[in-house]
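I opened this notebook to record what I looked up about the ligand and the pockets. The entries follow the order in which I consulted the structure.

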Amino acid sequence: MTSANQKAGPPAGFRYLPGYLSPEDQRSLLAALRAVVAEAPLYQPRMPGNGKPMSVRMSNAGSHGWYSDKAAGYRYVSNHPETGRPWPAIPAALLAAWGDLADYPAPPQCCLINFYQGPKVRMGLHRDQDEETFEAPVVSLSLGDSAVFRIGGAERRGPTSSLKLHSGDAVVMGGDARLAYHGIDRVLGGSSRLLQDGGRINITLRRVTA
Ligand SMILES: O=C(O)CCC(=O)C(=O)O
Ligand SMILES: [Mn+2]
């Protein structure tokens, strides 16, 4: 399903790489992510201002972890908000994917792990704009159930198009697409058998500081 202006398509700098990770790579990445989440448990971020919990649960690896709560809003923190410990290291397979896809001379600082579980979990249209620099692209990898990804342009109310992201797919948002609005409309339950209890994992790799 797409909006009327689908012809416009995603902005330049948006790359979609279906099947980027082989089934074997997906399984080994999943094992590496389980180790990260064992050390840095999933938490439920809250909206700035009203404090409403977001439906996606999250964790991070790397020097900068994305976090949000009622009082201080969207930001990067160096320690897990509940355990107080530093975030685990970014798994080697993800550093390799960044090296392969980002075309950027420095490694990612944030590896945000988004976990979508249940039919109502979604991510509203937003831009990744909490970083100090937008020179590096955002690299994202998907595992588990397929999802409907919506991508627009620089204006919140501008035209959008949508595509399905399946397990193993990669997306790169650089150039004009780096600050494009995007979100997840819904996750298609039962579309993958990678996760035993279903659900979807998205990994988002970013540079944070200039
Ligand atoms: O789950 C996705 O594919 C998108 C995640 C995302 O946009 C984000 O974490 O900023
Ligand atoms: Mn995003």
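The entries below concern ligand 1 and two pockets of this predicted model.

Entry 1, the ligand shell. I first looked up which residues are around ligand 1; among them are Leu112, Asn114, Tyr116, Met123, His126, Arg200 and Arg206. By class, I noted four nonpolar, five polar and three charged residues in this shell.

I then checked distances to oxygen atoms of ligand 1. A polar side-chain atom of Tyr116 lies 2.5 Å from one such oxygen. For Asn114, the distance from a polar side-chain atom to a ligand oxygen is 2.8 Å, and for Arg200 I recorded 2.8 Å likewise. Ligand 1 taken alone exposes 300 Å², and the protein buries 96% of that area.

Two or more residues of the ligand shell come from each of β5 (110–116), β6 (123–126), β11 (182–187) and β12 (200–206). β12 gives the most, with four residues.

Of its 13 lining residues, Leu30, Arg34, Phe115, Leu195 and Ile201 are the closest to the centre. α1 (23–39) gives the most to this lining, with four residues. The classes are eight nonpolar, three polar and two charged.

How values were computed. Residues numbered from 1 in each chain as written. Chains lettered and ligands numbered in written order. Predicted model: local features only at pLDDT ≥ 70, side-chain atom pairs only at ≥ 80, totals over all residues. Heavy atoms only, no water. Near = heavy atom within 4 Å. Polar contact = N/O pair within 3.5 Å; in protein donor to acceptor, adjacent residues only side chain to side chain. Areas by Shrake-Rupley, 256 points an atom, 1.4 Å probe, with all protein chains shown as cover. 1 Å grid on protein atoms, 1.4 Å probe; cavity = no way out; pocket = protein on both sides within 12 Å on 5 of 7 lines; lining within 4 Å. Sits in = over half its atoms within 2 Å of the grid points. Nonpolar A, V, L, I, M, F, W, Y, C, P; charged D, E, K, R; others polar. Points joined across faces, edges and corners; volume = space filled by probe spheres on them.
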